[in-house]
Amino acid sequence: QNLFFGAGSSVARFYSEALDLWPADDEERPYLLLRHGKALHPRGGGTDVLTAAAEQLLDAGDREAAAEAETLLGEVLWLQGRQAEAFEHLEGAVALLADEPASRAKALTLADLARFRAIGDRAAEAVLVGSEALAMAEALGLDELRAHTLNTLGLARVMTGDRSGLDDLQRSIDISRGLVTYELSRGLNNLASTLVALGELDEAHQLYAESAAVAERLGWTAAILWLVAEQADAHYHRGQWDEALAVTEKILQEAASGERHLREIDAHVIGALIRLDRDDPDGALEHSAAGLEFARESPDPQTLFPALACRARVLAELGRREEADEVVRELLERWRSSPATLASTWLSYACPAIVALGRGEELAAVAKDALVTTKWLEAGLALAGGDFEKAARVYARIGSRPDEAHARLRAAETLAEAGRRKEAEQELETATAFFEEVGAARYVRMAGELLTSS
């Protein structure tokens with residue numbers, strides 16, 4: 001597979017041309033299909049090719065090669081938001097080799113199933129399957145698979161409340177640095193995403209940048225698109241909103257001309273939040289609805305929760321309280337049933353709606369079952385409890401300037417109501433400076449109205 005690094009689309013084209021000339025009944029044709037699928041896989045495509053490869057390899061009696069094709073197919077389908085289909089193929093690959101002795105192919109199928117169970121909020125199951133894959137990889141001396149599995153185990157362990165998972169993620173990165181492998185980009189990405197969820201944005205965004213550089217060097221198009229979306233998120237939290245919108249528009253334009261990709265959801269979410277603050281209610285409604293519609297097709301918490309949170313916030317702030325209340329209710333119920341889902345950026349999107357709708361106590365009750373307390377959760381509970389000044393301080397530590405500014409605006413309201421005008425004006429001054437910097441006309445106006453009324 002390393003032969004394809006940096007080769008762009010030319011390798012895939014050569015395989016396609018070769019298949020056009022290859023005899024349909026030749027015994028090598030299924031293996032050529034698999035190689036073609038491998039060439040398409042880094043760019044998030046090849047579902048038809050990999051499906052044909054899996055079927056023909058199984059007919060030829062090569063269960064290991066068929067399982068590899070099924071695993072790659074599952075990965076591509078998941079990236080396209082087709083979660084149920086993805087798990088059918090990932091679990092099917094494991095079943096194909098269940099009675100076979102330990103091998104690289106068997107370890108790979110287990111490692112990939114563990115990976116997507118972790119992503120799909122089945123962290124405890126991911127730890128069990130991943131531990132089996134790691135033991136097999138270590139026994140066979142497969143360093144790349146060791147890195148792959150440690151990557152998954154680290155993420156899953158953090159989700160279950162075991163922060164030693166961060167050490168597993170770092171071990172995965174350390175192993176990968178000595179190899180030519182996609183795993184280095186994945187390890188850096190997963191450590192970064194875990195740190196984002198815990199509330200360590202600055203370090204996380206540095207890791208994302210390194211991950212993107214590795215993916216570009218290896219020509220891993222699917223990962224590059226994934227990491228481009230993280231750039232939009234970084235720009236949003238840093239207050240670089242024109243840059244954030246430019247990235248989201250690029251993602252949506254590319255998606256419109258090619259395969260669908262889960263990161264479209266992130267583009268819609270960030271786009272909706274910025275448009276809401278910039279007093280574009282129609283744009284906010286359109287993007288929040290589109291993001292949620294796509295997210296419902298692949299109900300992984302990491303994609304569905306941000307979309308639900310964004311939609312609730314847009315509806316609540318535009319006065320559509322009844323609709324917003326339904327979305328908030330769904331979000332909290334889903335989190336109650338998925339306590340391993342880390343309270344990350346999505347909670348900061350949802351909290352203004354949760355507070356406005358008087359559901360702060362319900363948030364606090366659900367949060368008691370969360371397996372990990374993150375800084376986002378600390379800030380969210382402060383908001384829910386009416387301690388807006390504390391929430392602003394926590395958001396400042398996280399490095400989320402928009403959330404800090406919104407919390408300071410709410411703090412100013414409560415301080416003004418308490419007759420503490422000087423402190424209220426200080427909070428307003430800080431919040432207004434940010435809103436003016438990013439062109440958040442809606443909140444510049446609200447801050448001005450508050451100053452006048454107080």
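Biologist: Arg442, buried or exposed?
Modeller: In this predicted model, Arg442 counts as buried, at 13% relative accessibility.

Biologist: Which residue does Arg442 form a salt bridge with?
Modeller: With Glu317; the closest N and O atoms are 3.8 Å apart.

Biologist: How many salt bridges does the count come to?
Modeller: The count comes to 33.

Biologist: Switching to Arg157. What is its salt bridge partner?
Modeller: Asp168, with 2.6 Å between the closest N and O atoms. Arg157 belongs to helix α8 (residues 143-159) and Asp168 to helix α9 (residues 165-176), so this pair links parts 11 residues apart in sequence.

Biologist: Asp168, buried or exposed?
Modeller: Asp168 counts as buried, with 7% relative accessibility. Arg157 has 22% and counts as partly exposed.

Biologist: What about Glu326, which side chain does it meet in a salt bridge?
Modeller: That of Arg329, at 2.6 Å from N to O. Both residues sit in helix α17 (residues 321-337), three residues apart, which means a separation of about one helical turn.

Biologist: What is the relative accessibility of Glu326?
Modeller: Glu326 is at 48%, which counts as partly exposed. Arg329 is at 26% and also counts as partly exposed.

Biologist: Which residues are in one network with Glu326 and Arg329?
Modeller: Asp325, Arg359 and Glu362 are joined with Glu326 and Arg329 through salt bridges that share partners.

Technical notes:
Residues are numbered from 1 along each chain as its sequence is written. This is a predicted model: local features need pLDDT of at least 70, side-chain atom pairs count only at pLDDT 80 or more; totals for chains, interfaces and linings use all residues. Side-chain values use heavy atoms; hydrogens and water are left out. A salt bridge is a side-chain nitrogen of Lys or Arg within 4 Å of a carboxyl oxygen of Asp or Glu. Helices (H or I, at least four residues) and strands (E, at least two) are DSSP runs, numbered from the N terminus. Buried means under 20% relative accessible area, exposed over 50%, partly exposed in between (1.4 Å probe, protein chains only).
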